[in-house]
Each structure stands twice: as C-alpha cells, then as structure tokens.
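The stops below are given in the order in which they may be selected.

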Amino acid sequence: MRAVLRVVNRVLLGLIGLVLVVVGGAVLAVGLGANPPSWWIHDSRHDVLLDTAERTRWRDAGWWWPTVLGALALLVLLALWWLVANLRRHRLTEVLLDTGDGEGALLRGRALEGVLADEATRLDGVAQAHVHLTGRRNAPETRVRLLLEPHVDPGTALSHVTAEALTHARNSAGLESLPAEVRMRAVKHRAERVS
C-alpha cells in the first residue's frame, strides 16, 4: 500500500508542478511582451489578474470574501495535513508476539530495533547499524542501514546480517517471517599510501 501511495504522490506532485510551471511561464512570457493566444486569461503585459470590476463585483454580498478566504484557508490546511502525513515516519511502536496460550505479548519496537542494531554492529566489519521497524504489529518489517568498514565484502556482510542478526531476532520473537530491506554504505576513508 505504501508503494501505491508513493506512486500516487509522485504523479500528483509532478502534474501539479508541471501545471504551475506552464502557467507561471506563460504569465511571465506575456509579461515580457509575448503575444498571448486569444483564449488566454491575460490580454497584454499590462493586464492584471483581477481588474476593478471583477474585484468589486461581489462587494455588496457579505458572504463572498469570507467564503473565498475560508476556502483558501481550508485548502492550505489540507495541503499542510497532506505534507505532514507524507513526511511522517511510520515507525512500529510495538510488536505482537504469539505466546501460544491465545493471549499474546507486546514487545516494544524500539527494544527490538536496539537489539538488532547491537547484534549487527558486533559483526566483523560493520562500523554502525541503524534499524527501523515498519509494517503491522503482527507482521513487522525491518529497514537496516549498515555502515561498513572499507575491507569488508558487502555480500559477506549481508549474509552475516541475514543469517545471524535477523534470523536470531525472528526466532527469539517467534515470528513466522521478518522481511528486511538492507542498505549498505562504506565508511569514508583516506587513500592508503603504497610504497
């Protein structure tokens, strides 16, 4: 579902951005002296967006300007809500464990993240590890970011993380599966001088 939301967000942002660039560029071109087509909203470079007649047409109607300002305020609030909803990190706060007696137990997500990160950091050649739990309480997923030492083979580091840290976390939590996305980056270091 998150992948679909990502695609929809990117398409909508791309279309809105394209429309804004085209309209803004057209207004700028007319303002710089280009001849607009007959159907365009501006007739010449001295034309304004709202002339006096359009601005004062609804002056006597007391409902007009409060309605316009309320609609614009609502539009701004919806845009801010959408922005916050898209930028918010969806971190899993707890994992539901099956204890076998029909009750279940809750494991704090940060605790599982910390244990996974500590175990991954103890592996040979891993300088730093960050773990982020996502998904649902009964079907968690992990995102692991590893900072590797320069001498480490990424394939070996990946197999150690999956065979040791992730498998140990999955088995100890009693989960059927623990899907993981592992991203690796090497530590920046100076070139070594060879003599």
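The model is predicted: local features need pLDDT of at least 70, side-chain atom pairs count only at pLDDT 80 or more, and totals for chains, interfaces and linings use all residues. Residues are numbered from 1 along each chain as its sequence is written, and side-chain values use heavy atoms, with hydrogens and water left out.

Select tryptophan 63 and tryptophan 64 to begin. Rings of Phe, Tyr and Trp (its six-membered ring) pair if their centres lie within 6.5 Å; planes under 30 degrees apart count as stacked, over 60 as edge-to-face and the rest as tilted. The count is one aromatic pair. Tryptophan 63 and tryptophan 64 form this edge-to-face pair, with 5.6 Å centre to centre and 85 degrees between the planes.

Colour next by relative accessible area (buried under 20%, exposed over 50%, partly exposed in between; 1.4 Å probe, protein chains only). Tryptophan 63 is partly exposed at 46%, and tryptophan 64 is partly exposed at 25%.

Move to leucine 80, which lies in helix H3 (residues 64-87); helices are DSSP runs (H or I, at least four residues) numbered from the N terminus. Leucine 80 is partly exposed because its relative accessible area is 46%.

Finally, select arginine 110 in helix H4 (residues 109-121). Arginine 110 counts as exposed because its relative accessible area is 52%.

Technical notes: Helices (H or I, at least four residues) and strands (E, at least two) are DSSP runs, numbered from the N terminus.
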